[in-house]
Amino acid sequence: MIDTVVVLRAEDAVLDFLSVLTPTVNPSAIPVVRPGPAPAGPGREVHVLLADHGDHLVLPPTATLGERLALLARHVREADESAASPGPDALAASLARIATGRPVRVWTHSPADNRRSRGRLGNDVADALAAVPDAEPVLHAVGYSPFLQFVSDLDRPLPGELVAAKLDFVNRHARHLLDSDSPQHKLYTGRVPSAERYFTAGPGERRRLFALLASLDDEAASVPDPWEFATSAYENERLDTTTAWIARHLTPDAGPLIEVGACEGALTARLSGKGHRVEATEPNPVFRARLAEGPGSDGAVGVHPDGLDDLAGSRRLPGAAYLLVEMLYYGQDPERFAALPTDLLFIALEPEALDTRLRPWIAATADWEQIDETVLVRPALEAVCGGRAHLCKRGSTGVLLRRRPTPTEGR
């Protein structure tokens, strides 16, 4: 069995896979909490594939841990935002060359690693391994995922000497990354774990984990319903209370509702089912296609490709109200709201984002006044991806803004 560690950069191999690199392991010093494959032992070499430059390192069975770390240290580089996965095809070719017909066991990043470059590589490696004969299931490091708590399959708490080896490696060879400006590559306490945890995942679970962390990337639409609106008790409560909140203020005959960032139409369908005419906008073409096939399939819902800036710039979709529900997290400028062709804005955000981003603007704007505030759903802990992980859903608060009349209109 050939143990192969596939990482984006050399320091990743030490930070998340040191127990795999160690040539000899005392089982009592590194207990396996859950059943799983044993660490590389005496007489077994370990291969390391560095995806950023395609380097293939062989750590021979006779090499000490110090010698192995010294070899990796020569490949530690400055922070590089261009470092990326070479893609499943290139990875499959590299892994096949390493295997040369022998069984291979691959260790790599989590598809839900919050550092998107690592998450993409973890997903690509698992796709690539499907083309390698006799490969065992990929073992993903839990790695850096501050928003999720994982159910792992293999846990290895490290003894003090291995933790010290990690710290020494960083201080000697990667110290420049401790004060790096790069969010992808900066090192700090949370990225230097003292216990290494791994899990395996089938294709569906893995892709859902990858999509869950995708945010606005195209990969967010790589699986249907990436945020599990259809099955989540929390999300169903949020969508139902949001629908009821809007219905309390507007009847179906008030005019069209312009829903910005409608995704696949979970809220759209609820509003349309209450008799409202909804013009749903969604810039992502995959989400938009699902929206058109779902709530928009019978013609009762209009489907449009516009984003918020497009709508403010063109003013082509006037409505009784604009719905900005759980979508103002990505740097949109509230000053653009004045150009929207409506007198009502329904805005829903998690409380922290509402306090930091929206309330100061509401207090300062001369264009809008707040006429209602409603807690739509309170925070809750919830399992995701079939129970592989859980996270805290942060709650949602709705605020209703009305356009202030101009001085001329007030006369």
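What share of the contacts in the chain with a separation of 6 or more comes from residues 24 or more positions apart? The figure is 70%, where contact means heavy atoms within 4.5 Å. Keep in mind that this is a predicted model, in which local features need pLDDT of at least 70, side-chain atom pairs count only at pLDDT 80 or more, and totals for chains, interfaces and linings use all residues. Residues are numbered from 1 along each chain as its sequence is written, and side-chain values use heavy atoms, with hydrogens and water left out.

**The whole chain**
- You'll find twelve helices and 17 strands here; these are DSSP runs numbered from the N terminus, with helices (H or I) having at least four residues and strands (E) at least two.
- Along the principal axes, the C-alpha atoms fill a box of roughly 90 × 45 × 35 Å.
- Of the 411 residues, 51% are buried, meaning under 20% relative accessible area with a 1.4 Å probe, protein chains only.

**A look at Asp113**
- Asp113 sits in the loop that links strand E4 (104-108) with helix H4 (116-129).
- Asp113 counts as buried because its relative accessibility is 1%.
- Setting aside neighbours within four places in sequence, Asp113 touches Arg118, Gly119, Gly143 and Tyr144.
- With Tyr144, there's a specific atom pair to look for: a polar atom of the Asp113 side chain lies 3.5 Å from the backbone nitrogen of Tyr144.

Notes: Buried < 20%, exposed > 50% of the residue type's maximum accessible area, 1.4 Å probe, protein only. Polar contact = N/O pair within 3.5 Å; in protein donor to acceptor, adjacent residues only side chain to side chain.
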